[in-house]
Each structure stands twice: as structure tokens, then as C-alpha cells.
Amino acid sequence: MDFRDTIDEAEFRAGLRRWLADTLPADWAQRPPTFGQQLEERRAWTRKLFEAGYAGLTWPNEYGGAGRPYSHQAIFLEEAGRVEAPEHIGVIGLGMAGPTIRIHGTEAQKKQHLSAILSGDTIFCQGFSEPGTGSDLASVSTRAELDGDSYVVNGQKVWSSWAHIADYCILLTRSDPAERGHRGMTYFLLDMRTPGVEVRPLRQITGDPEFNEIFLSDVRVPIEDVVDVPGNGWNVAMTTLLNERGTLGYALTSQLEGSLRRLVQTVKAVGAADDPVVRDTVASLYVELEGLRYTNFRSLTTLMKTGAPGPEGSVSKLCWSETNQRLTSFALELLGTEAQLDGDGSLWAGFWQFQQLRSRGNTIEAGTSEVLRNIIAERLVGLPRSR
Amino acid sequence: MDFAFSEEQEMLRTAARSWLKAQYPPDRAAGLADSEQGWDPQSWRELERLGWLDPDLSMLEYAVLAEEAGYALYPGPWWSTVGLAGPVLGRLPSTPTTLAWADSAAADLRSAAISTETTATDSGGTWTLSGTKLLVPDLAISESVLVVAAAEGGTGIWRLDVPTDAVLPVSTMDKTRRLAELRLDSAAAELIVEPGAAGNALATVRRRSVALLSCEAVGIAQWALDTSSTHAKERLQFGRPIGSYQGVSHQVADVYTSLQLSRSLAYRAAWAVDTGAEDVEEAVTVAAVAAGPCAVQACESAMQVLGGIGFTWDHPLHRFYKRAQWITGFDGTGQSRRAEIAAALLDP
């Protein structure tokens, strides 16, 4: 057990700190925090990350990655979080599509997509949920029928983040209507510019159009765009979800660290720093943050030894989402009547107002808290299945 | 970055667990708790044989052993000897030894360093101690006791063999780690920590003892989780195991989640103590805020999952529950610890 950086890790961290200091604008630390999608800023930042070799740190060199250990990725997220650097634009590509393609994809798919995800040239969205399919993913009804050398896809997807700017979609379909449950599903990499694909943005309670509906009408998808073999879509989707939660913990915790720093500033700004109840709550939130931070370190050690994220990622995600909701609600409460102001007259131009509203999605997206508790109870504790 | 115990440390854990499982099944631990002495003095020889008292163990090995001792609710003065007495002596005493710090003017280890209620007097090279020390853990079953007292040059620490006629056991909820008063009236004692130097020694005691209790709490929480999940798998109602109902399983999942976080913090605190990390105070305090309450929560949830049986005297659960509460109140409260954390975050 040793929490200190190895020589190699310390060198990487020092180089990264220098790069961040040189690359971020000189007045970056004095700027108010940004929030929302920040598309143009993120596109530009993604390009810089890619050119400097900081995108895809753990991905193999041959696909544009840096071939570094997971600990470097963790250091990157810590340091980037510390200075509140913009995020890479390819959230779904980096965390979900990319790892899935690396594990299940053909050589051609790897060549086509992996490097493009890292550079930001290809943005992925996720086509899993449907109007009738939420937590019960095996019930997807979007149909894919083989017709010659392509599939014809019909159906509707929903809650698809980033679809309005996406180039590709990881799409889960039912290809064999005779099969039920986990069999007879096929997983595609769908080019979003294919005729028959229509995207309609949905506004979230924050006002941002972050997620979308996707309508698929007689969309022809070439057979080369199937991931793994037809009919094995469920297993491929499980790889996607395991990676979604497995690598998410670090990114989320470093965001939470930033939020806690902002909370401390807010407590002082509103003159509540001497209120014992406020102090007690801030300390409780800090303990939860530290618990998450060190649990991530423990998961990281496991990941470095086994090479694959385990179901423990569900613990981090569950805990993070609920802590983030508590933290942001508490921050808003501190503002009193002024909490209603979400424009220029408010602290950091509506930062907490946005964060608090956005946090309500945290216990729904990437596995609802109910599904995560089922996973923990069944897969980590070994209790009998609830259904 | 490496957050895992070494192979040797894991072997030590396996050996400890299998010995404790064989020697301290829950009904024996319960029997000892209700016995007059409260422990089996023969077990001290066994601990020596197993290496629990080896002088070269680091804090990480102690962390592993404290967790396993908690998992089995081992009743014996090992924690007092390793966590309270060892840091004062700078070495591990060979016989059960405890520390008496509290008195009516000082509850916790910090205030003990400035209390003047118990006094030490030097009469021609022989020290004598007078005063009443309160809430001394494992006093009645220890062979020697270290006593914090005030002399002319400041607060120091002295050692004496436990004078049985000066020990007044008090009734406690947790019968597996009992408390007693120590009443001293011109008792002869040997100087261990010079007057004026007790503050540093007590700070070391605080770090070690609290970090080890956090590990012990992790062991208790794990026992409660295992006990409730076993019951939830086996107990049938309405034709199904009750663990298949989400009202039950989600409670268990919450305990699992909270335990993961507490475990991470308790191990990290042990590492910080071991290496003398810069943030050791914070690491120990944060772990204590998380781990004690986690063990209490795990026991309370287990009691709910077990139903009536878990609420009986015969079931061992209440012994673990009471120990968890003991840990939570040791050397401070949740509020006082969070106040320390808040001061570090908010005060200039």
C-alpha cells in the first residue's frame, strides 16, 4: 500500500501541470466556473488534448492512444479537475463506444473510429433507451431486419445525450423477434447521417437540449457496422455499461471536488462560515467526497491488476449521484431568496442553479439508483434476484 | 499508487480469521462477555504465538488484525495494548497494558494533556500519583497501566502495575470492552514520559488508537453485513427469500456501499499513520467520522433484516452493535470531529 506517486507517475503529473498552466488562458483561474454543454470550447480543447497526447491515455498507440497505465488516466482527471479544465467532447465515445469497439470490434471498426473519437472528429451518442425501454434494457423493440448485405432498422430511441451533434450512434436493436430476453439482439455503429435518421432535441429542466429523441425509419445499416456477431448485442451492451460505470468514478469525483471547493467559497461569500449547522454539513459532504476518492483509488488498483472494471463502479456512481444532489441543494439553500436568480445578478451567473437542477438527472442516467442497488445486492452481496 | 495490502499482510489476515473463527464463534464470545472476567487470559499466549504482538509489525499489519478482531468481536486487551499503551512506550509491551487519561476535568486525549486533576509528585527520585482516572478501557484485565498526570514541569505519563484494590469497574453497555475507574492515593509509579512531553505522546496515541478503531469498525460492519445477507438469502416469507424484496435488498446494498467507503478511509488512515503522512490528522478524523457510524448503521440494518431474533439477548448481534457504539463515542463525537474538519476547510 502506497498512495504516493511512483517516479513515473510524478513525472507525468509534473508534465501535465506544466501543460495545463501553459495551455489554459492566463486568467483561467479567475474566471467564474462554466457549466452546460460549452460545445465550441470543448471542441477546441479536445483538439488540444489530442495533439498533446492527453486524450485516450490508456488506449493503445496504434489507435491514437498513449498506451499509458490507468494510474495516469486517474492523475489526468485529478489535475484537470483541480484547475476546472474543459472536458473532452467525446463523453460517450471515450467511456462507452471506444472501450466496446476495442473489445468487440473488427479491425476495420477500430481503425475507423478509435482515433477519431480521441481527436473529437467523431462524436458518438447512445441509442439504448426507448419509450418503452428504460431500466429493462432487454425489452428493446427497435427492429433490425436483414435484407441482402444490410439491415433495415425501424424504431425510436430516447434520452440520447449528444445525438444532436453526434456523427455515430451505438445502437441496440432486436434482430430476432422470435427470441426473448437477452438473445436475438444486435448492436450497431450507426452513421447518424444515414437517410431515415431523424433527431429531435428534448429540453431538460435546465433548459439545455442535452438529450434527444432519435426516430429511425427504414434506416439501412451495412452488415460491416454490426459489432461482434448478430444476435450477441446483449453481451456487447453489457461491456458498454460496465465501462460506462467503471471509468466514470474518477471523472465524477474530480468534478465533485471542484463543487466542494465552490461550496466553501459560497459559504464564505454568503457569510455563513460561522454557522455551526452549515459547518457540520460541509464537513459531512467532505467526508463523503473523501470516501469516494479513496474508494476510487482502491478500484483503480483492482483495475490495474485485472485490466477490466468490475461491478464496484456501481458503488461509486450510486454514491456520487446522491452526494452531488445533497451538495448542490445545500449550496442553493445557502443563497436564500437569491437562489431564484439565475442570470447575471447571481453568484457565478447561475452556476448553482444549473448544477442543482442538473443533479436531479444523476440518479436516473447511467443506471438508475434503483437498478444500481439491485446490481449491488445481487452481484456484489449475492442476494437472490428480485425478478 | 497502490491501494492494496501485500501478500504477506493478506496471509496474516487469513491466519487471523481462521484462528478467530475456530476460537471465537459468536456463542463463545457471548459467553465470555457475560462471564466475570470478560475474556480468556490464555488467549494472550495464543496472540503471541500467532504474531499479533511481534515488535516488527507495522501499522498496516495492526490494521488488518484490528479489522479481524472486530469481525470476531475478540474480547481481550489487544487494542488497548497496541493502540493506547504501545505508542506511549514506543514499543509493544509484552503483557496486557492500558492507558488512563480521562478524569473529571478531561474527557478526551487532547484535554488530558492539560488537565491538572491527577498529580504526580517527585519525592527524592520516587514518583507517586494521586487522583481518580475515569473510563479506563480494559483496566481490570490489564497487568500494567500508564497514567497521565500533572507534575511541576507539566503533564507526563507514568507506569504502574495495576493495583487491584484501586480498580472500580463500572457497568457498561458493551461487556466485551469494559471500563473502570482507577483510584490512586500516593501510588508509587515509574516515569515514562517526562513532565511537559505528554502532549506529543497523546497525539500519537490518538492517531493510532482511532485509526485502529476505524479498522475494527470496518470488521464489525462486515460481520453485520454478512449476517444480514445470509439471513436474507435463507429466510423465506410469502414463498420467496426475503432478500429478493427490494425493501430488504436495497437496505443491504446501502450498507455495502457505505462499508466500501469506510473501508477505503480506514485503510488510508492506517497508511497515513504508518508513513507519518502530512495529512495524517485529517485522514484519521475523516475515517472516524465515516467508519464508526457505518458500523452502527450496519448493525441497525442487520437488526431490521433479522427481525425479532436479532433483537434478542441470545443473538450475538447486540454485542457487535454495542461495540460499534463504543467506537463511535471514543475520544470525541461525530459533531466534534466534523467541527475539526470544518475548521480545516473554512477557517483561515
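Biologist: Which strand of chain B holds Leu135(B)?
Modeller: This is a predicted model, so the answers rest on computed values. Leu135(B) has a positive phi near 55 degrees and is not a glycine. Its strand, covering residues 126–137 of chain B, is E3.

Biologist: Is Leu135(B) buried, partly exposed or exposed?
Modeller: A buried residue needs 20 or more other C-beta atoms within 10 Å, and an exposed one has 12 or fewer. Around Leu135(B), 17 other C-beta atoms lie within 10 Å. Leu135(B) is therefore partly exposed.

Biologist: Trp162(A) is not a glycine either; what is its phi?
Modeller: Most residues other than glycine have a negative phi. Trp162(A) lies in the loop between strand E3 (150–157) and E4 of chain A. Its phi is positive, at about 70 degrees.

Biologist: Is Trp162(A) buried or exposed?
Modeller: The cut-off for burial is 20 or more other C-beta atoms within 10 Å. Trp162(A) has 21, so it counts as buried.

Biologist: What is the bridge partner of Gly127(A) in E4(A)?
Modeller: Gly127(A) belongs to strand E1 (residues 124–127) of chain A. There Phe124(A) and Gln126(A) point one way, Cys125(A) and Gly127(A) the other, and all are buried. E1(A) runs parallel to E4(A) (residues 168–174), joined by four bridges. The partner of Gly127(A) is Leu171(A).

Biologist: In chain B, which residue of E4(B) stands opposite Leu99(B)?
Modeller: Leu99(B) sits in strand E1 (residues 97–100) of chain B, on one side with Thr97(B). Four bridges join E1(B) to the parallel strand E4 (residues 144–151) of chain B. Opposite Leu99(B) stands Leu146(B).

Biologist: How many residues of H10(A) are buried?
Modeller: Helix H10 of chain A covers residues 351–359. Its buried residues include Phe351(A), Trp352(A) and Phe354(A). Among what covers them are helix H7 (248–269) and helix H9 (313–334) of chain A.

Biologist: At what angle do H9(B) and H11(B) pack?
Modeller: Two packed helices are described by the angle and the distance between their axes. The contact brings residues of H9(B), including Val286(B) and Val289(B), to residues of H11(B), including Ile341(B) and Ala344(B). By class, the contact has six nonpolar, two polar and four charged residues. The crossing is left-handed, the axes are 10 Å apart, and the angle is about 145 degrees.

Biologist: How far apart do the C-alpha centres of domain 2 and domain 3 of chain B lie?
Modeller: The domain assignment places domain 2 of chain B at 97–196 and domain 3 at 200–346. Their contact takes 12 residues from domain 2 of chain B and 11 residues from domain 3 of chain B. On the domain 2 side, eight are nonpolar, one is polar and three are charged. The centres lie apart by 30 Å.

Biologist: Which helix gives the largest share of the side of chain B that touches chain A?
Modeller: In this contact, 36 residues of chain B meet 38 residues of chain A. The chain B side divides into 21 nonpolar, 11 polar and four charged residues. Helices H7, H8, H9 and H11 of chain B each supply at least two residues. The largest share, 14 residues, comes from H8(B).

Technical notes. Residues numbered from 1 in each chain as written. Chains lettered and ligands numbered in written order. Predicted model: local features only at pLDDT ≥ 70, side-chain atom pairs only at ≥ 80, totals over all residues. Pairing = 2+ DSSP bridges. Domains from an automatic or database assignment. Contact = placed C-beta atoms within 7 Å. Nonpolar A, V, L, I, M, F, W, Y, C, P; charged D, E, K, R; others polar. Axes fitted to C-alpha atoms, helices over the stretch in contact; angles between N-to-C directions. Left-handed = near helix turned anticlockwise from the far one by under 90°.
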